[in-house]
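Work through the following exercises with the sequence and the structure side by side. Each task is followed by a solution that goes step by step.

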Amino acid sequence: MPYRVNAIIEKDADGYYAYCPELEGCQTQGDSLEEVSENIKEAIEVYLETLSDEEKKAIR
């Protein structure tokens with residue numbers, strides 16, 4: 001089931017930080033833009049796996 005969520009990526013002195021505002025606590029970091037992009041995709045997948053069907057409906 002496809003989901004559409006926002007991923008915010010920010011650059012700082014230590015690398016990159018990414019989070020999803022719609023998924024509380026779904027965040028990650030990486031040394032490069034490519035790394036943080038892959039990490040946030042994985043974090044979103046894992047996060048969605050932990051949700052109940054009703055919780056998944058709420059983010060659609």
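**Exercise 1. How many disulfides does the structure hold?**

Before starting, note that this is a predicted model, in which local features need pLDDT of at least 70 and side-chain atom pairs count only at pLDDT 80 or more, while totals for chains, interfaces and linings use all residues. Residues are numbered from 1 along each chain as its sequence is written, and side-chain values use heavy atoms, with hydrogens and water left out.

Step 1. Begin with the criterion: a disulfide is a pair of cysteine sulfur atoms within 2.5 Å.

Step 2. Apply this criterion to Cys20, whose sulfur has its closest cysteine sulfur in Cys26, at 4.3 Å, and this is too far for a bond. Cys26 is likewise in no disulfide.

Step 3. The structure therefore holds zero disulfides.

Step 4. Consider also the surroundings of the two residues, taking buried to mean under 20% relative accessible area, exposed over 50%, and partly exposed in between, with a 1.4 Å probe and protein chains only. Cys20 is buried, with a relative accessible area of 2%, and Cys26 is buried too, at 4%.

**Exercise 2. Describe the order and the pairing of the strands in the sheet.**

Step 1. List the elements, remembering that helices (H or I, at least four residues) and strands (E, at least two) are DSSP runs, numbered from the N terminus. The protein has two helices and three strands, and along the sequence they follow the pattern β-β-β-α-α.

Step 2. Decide which strands pair, given that two strands pair if DSSP finds at least two bridges between them. E1 and E2 are paired in the antiparallel sense over five bridges, and a hairpin of two residues connects them. Strand E2 (residues 15-19) is also joined to E3 by four bridges, again running antiparallel.

**Exercise 3. Is Thr28 buried or exposed, and which residues is Thr28 in contact with?**

Step 1. Locate the residue: Thr28 is found in strand E3.

Step 2. Compare its accessibility with the cut-off from the first exercise: at 18% relative accessibility, Thr28 counts as buried.

Step 3. Identify its contacts, where contact means heavy atoms within 4.5 Å. Leaving aside neighbours within four places in sequence, Thr28 touches Tyr16, Tyr17, Ala18, Val36, Asn39 and Ile40.

**Exercise 4. What share of the 60 residues of the protein counts as buried?**

Step 1. Of the 60 residues, 25% count as buried.

Step 2. For the overall dimensions, the C-alpha trace spans about 40 × 15 × 15 Å along its principal axes.
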